[in-house]
Amino acid sequence: MSDDGVPVPGNGYRKGPVLLRRGQVPTTTTDQRLLAGPSKDTDWLHGDPWRVMRIQSEFVEGFGALAEIGKAVSVFGSARTSPDHPDYALAVAVGRGLVEAGYAVITGGGPGIMAGANQGASQAGGLSVGLGIELPFEQGFNPWVDLAVNFRYFFARKTMFVKYAEGFIVLPGGFGTFDELFEALTLVQTHKVTEFPVVLVGSEYWQGLLDWLRQACIQRGMISPADLDLITLVDDPDEAVAHVVERGAQLRAAEEAAVREAAAAEAQAAAETGTRGTVRGPRTPSGA
Ligand SMILES: CC(C)=CCNc1ncnc2c1ncn2[C@@H]1O[C@H](COP(=O)(O)O)[C@@H](O)[C@H]1O
């Protein structure tokens, strides 16, 4: 039963988690407003409560579409890299290498590096995923995306990049790429996600950033030296894939060991409780 609009005698009027009193108590109930005939007033369509439903639906659709993609890696990089740039060939090689190592490839579904990684994945016969974003200048998905989900909201889309990937491979890019890279690093640094591999490809492009992080950020205490260990820099696409595979295997093994340890501790605690139970007296046949 809905608890929308429940009068609480002497105490106000409850609408879900909201309690209303005095002048805040509405003169109609939520059901009355829902069932009222069509109105010319369509402001509600553009209001925040309705927006929340759309946000919720993006999570539901995204989780539904991606739940069964299996092991995957997210690949980020510039939307502006042209197909004849050497970075594009790197992206193709990364996409192909990931598929050969048994991973699906997730990108932002757009042009440039994203298209390169999707092309490599699709041509290698793997799962090529694009998580698109609605932008004022409509771009559409690159032709190499085989499973596409389009998002209105950056934050819902970014959740998918993290939730369904076992690692990030980042090629040269601009603000969008930095945003994705630093979000991943922040999530790992703050233990919001289990550590996962973050690999930068292209030392000529990324070395300057790493030098600045080391010199400016570490020197002024903005990050700790260990934080830089979260990033691996390589030039070879195969090395990028190998790092994700190896680090991923190590992390999975560590996680499985932790689960086994927790289960063993639980079993031991249960056994000890059982032993104490036997001392107190035999269990009845019904187990009651
Ligand atoms: C040419 C152009 C700006 C196209 C925009 N079309 C886009 N389509 C999909 N994802 C995008 C797009 N632009 C930025 N992104 C996201 O931001 C990253 C690239 O941003 P940037 O070009 O490095 O800063 C990508 O990894 C992607 O996830």
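**Note on the predicted model: patches, salt bridges, strands and backbone**

1. Trp-44, Leu-45, Trp-50 and Met-53 make a nonpolar surface patch of about 410 Å². A patch takes residues with over 30% relative accessible area and no salt bridge; nonpolar side chains (Val, Leu, Ile, Met, Phe, Trp, Tyr) are joined within 5 Å, like charges within 9 Å. Areas come from the Shrake-Rupley method with a 1.4 Å probe, and for residues only the protein chains shown count as cover. Leu-45 sits in the loop between helix H1 (30-35) and helix H2 (48-66). Helices (H or I, at least four residues) and strands (E, at least two) are DSSP runs, numbered from the N terminus. Leu-45 counts as partly exposed because its relative accessibility is 31%; buried means under 20% relative accessible area, exposed over 50%, and partly exposed in between (1.4 Å probe, protein chains only).

2. On the basis of the model: it is predicted, local features need pLDDT of at least 70, side-chain atom pairs count only at pLDDT 80 or more, and totals for chains, interfaces and linings use all residues. Residues are numbered from 1 along each chain as its sequence is written, and side-chain values use heavy atoms, with hydrogens and water left out.

3. Glu-100, Glu-204, Asp-235, Asp-236, Asp-238 and Glu-239 form a negative surface patch. Here Lys and Arg count as positive and Asp and Glu as negative; His and the chain ends are not counted. The place of a charge is NZ of Lys, CZ of Arg, CG of Asp or CD of Glu. One member, Asp-238, belongs to helix H9 (residues 237-280). Asp-238 is classed as exposed because its relative accessibility is 51%.

4. Salt bridges come next. The structure has four of them. The criterion is a side-chain nitrogen of Lys or Arg within 4 Å of a carboxyl oxygen of Asp or Glu. One joins Arg-157 to Glu-180, with the closest N and O atoms 3.9 Å apart. This pair links distant parts of the chain: Arg-157 is in helix H5 (residues 154-163) and Glu-180 in helix H6 (residues 175-189), 23 residues apart. Arg-157 is buried, at a relative accessible area of 4%. Glu-180 also counts as buried, at 13% relative accessibility.

5. Another salt bridge pairs Lys-158 with Glu-183; their closest N and O atoms are 3.2 Å apart. Lys-158 lies in helix H5 and Glu-183 in helix H6, so this pair ties together parts 25 residues apart in sequence. Lys-158 counts as buried, at 13% relative accessibility. Glu-183 is partly exposed, with a relative accessible area of 25%.

6. Glu-166 and Arg-252 also meet through their side chains in a salt bridge (2.4 Å, N to O). The pair links distant parts of the chain: Glu-166 is in the loop between H5 and strand S8 (168-170), Arg-252 is in helix H9, and they are 86 residues apart. Glu-166 is partly exposed, at a relative accessible area of 23%. Arg-252 is partly exposed too, at 29%. Elsewhere, salt bridges that share partners join Lys-158, Asp-179 and Glu-183 into one network.

7. Now the strands. Strand S5 (residues 104-107) is covered on both faces. Ala-104 and Ile-106 on one side, and Val-105 and Thr-107 on the other, are all buried. In a regular strand the side chains alternate between the two faces of the sheet. Strand S4 (residues 72-76) pairs with S5 in the parallel sense over three bridges; pairing requires that DSSP finds at least two bridges between two strands. Ala-104 in S5 is the bridge partner of Ala-72.

8. Two backbone angles deserve a look. Most residues other than glycine have a negative phi. Arg-22 is not a glycine, yet its phi is positive, near 50 degrees. Arg-22 lies in the loop between strand S3 (18-20) and H1. Arg-22 is exposed, with a relative accessible area of 72%. His-191 is not a glycine either and has a positive phi of about 60 degrees. His-191 is placed in the loop between H6 and strand S9 (198-201). At 69% relative accessibility, His-191 counts as exposed.

9. Last, Val-188. This residue lies in helix H6. Val-188 is buried, with a relative accessible area of 6%. Val-188 and Gly-120 are 68 residues apart along the chain, and their C-alpha atoms are separated by 28 Å.
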